[in-house]
Amino acid sequence: MPATTQRSDRSTPRILNHVGPLAVTAVLLALAFPKPGWGWLAHLALVPATVLAVGSGGGWRLAWTSYLIALAWWLVRIGWLSMVTVGGYMALAAYLALYSPAAWLAVHRLRRSY
């Protein structure tokens with residue numbers, strides 16, 4: 001029992017170390033859209049997630065944390081679609097969120113191969 005408690009205590013900061021840069025990337029990307037009008041942030045937005053993908057030790061943790069952040073991001077970005085069809089809105093957001101972990105895992109694997 002204590003070994004499980006120790007493991008969860010150690011893994012929590014690692015998860016937060018993954019969620020933080022991915023959330024910063026998501027916020028910066030959202031601010032680069034036309035509504036705030038800070039398009040210049042698009043050039044900086046992918047830097048935190050790229051640094052995380054290059055330096056990440058575990059691919060699975062990178063994959064599922066980036067999927068969850070991307071899912072939340074797409075649910076907000078295509079929220080207008082929920083007025084048309086809730087099922088389609090959820091399915092499209094889940095589908096579009098798959099691209100983020102695929103890209104970060106590709107960066108992670110390319111870095112590991114060099």
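The following is a conversation about one predicted protein model.

Colleague: How many helices and strands does the protein chain have?
Modeller: This is a predicted model, where local features need pLDDT of at least 70, side-chain atom pairs count only at pLDDT 80 or more, and totals for chains, interfaces and linings use all residues. Residues are numbered from 1 along each chain as its sequence is written, and side-chain values use heavy atoms, with hydrogens and water left out. Helices (H or I, at least four residues) and strands (E, at least two) are DSSP runs numbered from the N terminus. Along the sequence the pattern reads α-α-α-α-α-α, and the secondary structure comes to six helices and zero strands.

Colleague: Why does the span of helix α4 agree with its number of residues?
Modeller: The expected span of a helix is 1.5 Å times one less than its number of residues. Helix α4 (residues 59-77) has 19 residues and should therefore span 27 Å, which agrees with the distance between its end C-alpha atoms, 26 Å.

Colleague: Is A70 buried or exposed?
Modeller: Buried means under 20% relative accessible area, exposed over 50%, and partly exposed in between, with a 1.4 Å probe and protein chains only. A70 is found in helix α4, and across 44 residues of sequence its C-alpha lies 7.5 Å from that of A26. Because its relative accessibility is 9%, A70 counts as buried.

Colleague: Over which rings does the charged end of R77 sit?
Modeller: A charge sits over a ring if NZ of Lys or CZ of Arg is within 6 Å of the ring centre and within 35 degrees of the ring normal. The charged end of R77 is 3.9 Å from the ring centre of F33 and 5.8 Å from that of W73. Together with W74, these two residues form one aromatic cluster, and the rings under the charge are those of F33 and W73.

Colleague: Which arrangement do the rings of Y95 and Y99 have?
Modeller: Rings of Phe, Tyr and Trp (its six-membered ring) pair if their centres lie within 6.5 Å, and planes under 30 degrees apart count as stacked, over 60 as edge-to-face and the rest as tilted. By this rule the count comes to three aromatic pairs. In the pair of Y95 and Y99 the centres are 5.6 Å apart and the planes at 85°, so the arrangement is edge-to-face.

Colleague: Is Y95 buried or partly exposed?
Modeller: Y95 is found in helix α5 (residues 86-96). Because its relative accessibility is 45%, Y95 counts as partly exposed.
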